[in-house]
Amino acid sequence: GQDNGKHYLSKKKKRANLFFFCYNRFMNFTKDLLNWYKQNKRTLVFRDDHDPYKIWISEVMAQQTQIATMLPYYERWIERFPNVEDVANASIDEILKMWEGLGYYRRARNLHKGAQYVVEHFNGELPKEKKDLMTIPGIGDYTASAIASIAFEKPEIPVDGNVKRVMARYMNYQENVNTRAAHKLFEDFLKNEMIQNKAMPSQFGQALMELGALVCTKHQTKCEQCPLQKACLAYQNGTVDQLPIKPKAKKVPSYKKSVLLYIKDKQILVSNDDRDGLMKGLLRLPQIDGHSRRKDVYRLKHQFSHLIWDIRVYPIDTIPDFDFDVFLIPIESLDDISMVTAHRKILKHLLKE
């Protein structure tokens, strides 16, 4: 152990050695973590609620979305859909409308399917065991672990991006953290820590995620505030800024798009064309590929997780012969429909003018 753990961390085949090295050397991990959490955790509306349904909604909304952004959506959602049956009985149009602006609409559609599955197979009650939770559409390993541990105090570890970052730095893990091997290493170590120290799973898991969100962050890491600093191998080796290791992201392609704006007699032309597979079920303005040489009235670059729309907006006086369905709706009804976020931004700008 004279090299601060480098020997143990250099090869995957010595994963077991690393586990016991860290476990035996740093016995205060759980105590230090939970003491920090007790003093520093944020007050969040869903944090101390052990209702599995509410935990499910909050965890799905928080995926790829900042907490500050999702909180108003969460509160409106719970007010409109207080339980699983309410989600299952709602129309998909209403579900998508409630979700509008959060992005990644597949999450909303999976919640709808998942709620219907829970009503049909579990009498409207989310099951307690992780293996049963994972049979529900849209619920994977992380969400199942979060629900099982926070709602039912099951000894499961929700390993999200925050937890991977904390553990990669704590162990000075020099491999890709997005592999099953890394997931199992972190999960095994943390589960043993939690069980050996008789920690409450709900507190232990949330403390890890909170540490990653507030202290062990992607950028400007606050090591001086970290309860695990003295035992952190990345801190000792000066590799905090180099971890975690992930495959390089592929360059996101950009596609030129033209939005055609037709307004007449207080009505606006819209389309339900979703042949591109994006945001199915949401309305949009008529949009075609490419840019025109005509003068545009507005430009917008809208980034998805895997592509960019480079949009230019052109007003039109007549309705072209599109190869997709279009129809007129009253402008005053725009707030009542579900529309893709990029086109909602366009309308918010242009109609305001």
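This is a predicted model: local features need pLDDT of at least 70, side-chain atom pairs count only at pLDDT 80 or more; totals for chains, interfaces and linings use all residues.

User: How do H11 and H12 pack, in terms of angle and axis distance?

Analyst: Helix H11, residues 161-170, packs on helix H12, residues 180-196, at an angle of about 85°. Their axes are 10 Å apart.

User: What does that make them, roughly parallel or roughly perpendicular to each other?

Analyst: An angle from 65 to 115 degrees counts as roughly perpendicular, and H11 and H12 are therefore roughly perpendicular to each other.

User: Which residues meet there?

Analyst: From H11, Val-163, Lys-164, Met-167, Ala-168 and Tyr-170. They meet Phe-186, Phe-189 and Leu-190 in H12. The residues of this contact divide into seven nonpolar, one charged and no polar.

User: OK, strands now. Is E6 mostly covered or mostly open, and how many of its residues are buried?

Analyst: Mostly covered: strand E6 spans residues 308-315, and six of its eight residues are buried.

User: In which sense does E1 pair with E6?

Analyst: Parallel, over eight bridges; E1 is residues 254-261.

User: And E5 with E6?

Analyst: Strand E5, residues 298-303, pairs with E6 in the antiparallel sense over six bridges. E5 and E6 form a hairpin, with four residues between them.

User: What is Asp-310 in E6 paired with on the E1 side?

Analyst: Lys-256 has Asp-310 as its bridge partner in E6.

User: Which residue stands opposite Asp-310 besides that?

Analyst: Lys-301 stands opposite Asp-310 in E6.

Technical notes. Residues are numbered from 1 along each chain as its sequence is written. Side-chain values use heavy atoms; hydrogens and water are left out. Axes are lines fitted to C-alpha atoms, for helices over the stretch in contact, and angles run from 0 to 180 degrees between N-to-C directions. Helices (H or I, at least four residues) and strands (E, at least two) are DSSP runs, numbered from the N terminus. Angles under 35 degrees count as roughly parallel, over 145 as roughly antiparallel, 65 to 115 as roughly perpendicular and the rest as oblique. Contact means heavy atoms within 4.5 Å. Ala, Val, Leu, Ile, Met, Phe, Trp, Tyr, Cys and Pro count as nonpolar, Asp, Glu, Lys and Arg as charged, and the others, Gly among them, as polar. Buried means under 20% relative accessible area, exposed over 50%, partly exposed in between (1.4 Å probe, protein chains only). Two strands pair if DSSP finds at least two bridges between them.
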